[in-house]
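This briefing is for a reader new to the structure. Please look through the sequence and the model before reading on.

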Amino acid sequence: MNRRTFLCSVTLALSVAVSCARPAPAPILILVSFDGFRAVDIDRLPVPNLRALAARGVRAKALIPSFPLLTFPNHYTLVTGLYPEHHGIVGNVIVDPSFPERFSMSAKTAKDPRWWGGEPIWVTAIRQGRRAATMFWPGSEVAIGGVRPTFTVPYDKKMPSADRVTQVLTWLALPEDQRPSFVSLYFEEIDSASHDHGLETPEMTAAATHLDAALGQLEAGVTRLGLDDRTTIVVASDHGMAPLSKDRVIFLDDDIDVSTVDIVESTALLELWPKDGDVDRLYRELHGRHPQLAIYRREETPDWLHYRDNPRIPSIVGIPDEGWAVMTHARFERKFDPATHGWDSSHPALHALFVAAGPAVRRGVVVEPFANVHVYDFLCAVLKLTPAPNDGNPAVTRAFLR
Ligand code: AMP
Ligand code: ZN
Ligand code: ZN
């Protein structure tokens with residue numbers, strides 16, 4: 001063999017070796033949200049599939065929500081690792097003094113990327129060469145940083161749970177070069193049943209049964225597709241819930257002239273903007289009025305709430321004691337839910353759910369409560385992605401991994 005022929009055969013052998021050693025397929029992570037599912041309810045509700053998933057993986061005694069304990073801020077914290085004061089979704093309704101229109105979760109304004117800061121996990125995945133699919137998630141219909149999920153579905157509360165799971169499985173059945181690596185899957189049924197009918201009711205039990213069946217359908221589908229050995233399932237919630245009572249209500253219009261304020265949030269959390277900008281007057285009118293209602297100026301909210309550093313946070317924030325509500329008489333007459341959320345996370349009933357199982361996750365481990373800003377780093381670790389800068393600490397969840 002002359003030198004030239006020898007070099008050609010070496011090159012050929014190398015290229016065969018390279019083409020045989022294809023890169024390992026990317027990990028798959030399905031992030032499931034059971035909106036409003038309380039940490040304590042994993043042992044109380046009929047959710048055998050969820051308990052079995054926890055037994056095969058890691059379960060936190062509680063996931064501590066970020067303030068305010070509402071759906072949009074916490075879902076967006078779960079996928080960015082940022083406190084609401086840093087990602088900008090500081091409420092379900094938001095007033096930004098520099099924007100003409102207000103943000104409202106079900107309105108078109110919520111799709112304007114100007115509201116959405118930080119980098120959600122689906123953008124992280126896409127920027128690092130993966131595909132990402134969202135079967136509903138706050139923020140998923142917005143081009144955040146100019147990037148939309150590879151596959152997405154506009155929010156429709158009426159879409160049956162089974163159809164949501166079928167859509168996820170359809171995406172996962174795509175050929176490898178199209179298959180998403182990150183998938184979100186959102187369910188509002190527990191939150192809706194708790195608001196409408198109360199806690200520990202047959203309706204809440206029925207909602208839990210439906211969601212657990214959806215989880216079973218998802219797991220069976222993943223197995224059928226032969227993806228078990230690369231799929232991690234995380235089931236989390238955004239906040240818990242506590243009961244309200246018509247005997248524990250503070251009426252705002254008994255204390256102030258409500259025509260002088262913009263009420264951004266009420267019931268388990270009070271958020272006000274004085275229309276004339278006179279924050280001190282409004283503070284004086286409300287502060288110390290009721291022993292069950294703590295009133296703060298934005299700059300004076302407790303440190304541990306991480307709820308100061310954003311001009312979108314209303315200038316007056318009130319937090320009633322757990323179980324107490326603050327609202328106007330008109331609101332009380334119009335709609336009074338038997339249970340809700342919004343109080344701070346010092347109350348265990350407001351704590352959220354966290355369960356994770358998959359090939360990289362330790363089995364049968366129960367971990368101490370941890371804050372939901374740490375979830376994004378965990379998702380990135382499972383997906384082998386480099387996280388964007390965030391408020392979490394990857395050391396908090398490192399021990400969850402094998
Ligand atoms: P909350 O008032 O904080 O209990 O919000 C719960 C409600 O948020 C649910 O009843 C859902 O209908 C609504 N929701 C959840 N995700 C979305 C979404 N992506 N777009 C619009 N609304 C949503
Ligand atoms: Zn919620
Ligand atoms: Zn709710």
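**Helix contacts and zinc sites**

In helix α6, S161, A162, V165, T166, V168, L169 and L172 meet L211, A214, Q217, L218, G221, V222 and R224 of helix α8, where contact means heavy atoms within 4.5 Å. The model is predicted: local features need pLDDT of at least 70, side-chain atom pairs count only at pLDDT 80 or more, and totals for chains, interfaces and linings use all residues. Side-chain values use heavy atoms, with hydrogens and water left out, residues are numbered from 1 along each chain as its sequence is written, and chains are lettered from A and ligands numbered from 1 in the order in which they are written.

**α6 with α8**

- The contact of α6 with α8 divides into 9 nonpolar, 4 polar and 1 charged residues (Ala, Val, Leu, Ile, Met, Phe, Trp, Tyr, Cys and Pro count as nonpolar, Asp, Glu, Lys and Arg as charged, and the others, Gly among them, as polar).
- Helix α6 covers residues 161-172 and helix α8 residues 202-224; their axes come within 9 Å and cross at roughly 20°.
- The two helices, α6 and α8, are therefore roughly parallel to each other (angles under 35 degrees count as roughly parallel, over 145 as roughly antiparallel).

**α7 with α8**

- The axes of α7 and α8 are 9 Å apart, and the helices pack at an angle of about 175°.
- That makes α7 roughly antiparallel to α8.
- E189, I190, A193, S194 and H197 of α7 meet E203, M204, A207, A208, H210 and L211 of α8.
- This contact of α7 with α8 has 6 nonpolar, 3 polar and 2 charged residues.

**Zinc ion (ligand 3)**

- The zinc ion (ligand 3) has D191 (OD), D191 (OD), H195 (NE2) and H341 (NE2) as protein donors, at 2.0 to 2.6 Å.
- Its donor residues are spaced D-x3-H-x145-H in sequence.
- H195 in helix α7 (residues 189-197) and H341 in the loop between β17 (339-340) and β18 (354-357) are 146 residues apart, and this pair links distant parts of the chain.
- The zinc ion (ligand 3) and the zinc ion (ligand 2) are 4.2 Å apart.

Notes:
Axes are lines fitted to C-alpha atoms, for helices over the stretch in contact, and angles run from 0 to 180 degrees between N-to-C directions. Helices (H or I, at least four residues) and strands (E, at least two) are DSSP runs, numbered from the N terminus. Angles under 35 degrees count as roughly parallel, over 145 as roughly antiparallel, 65 to 115 as roughly perpendicular and the rest as oblique. Donors are N, O and S atoms within 2.8 Å of the metal (3.2 Å for Na, K and Ca); water is not among the atoms, so sites may look incomplete.
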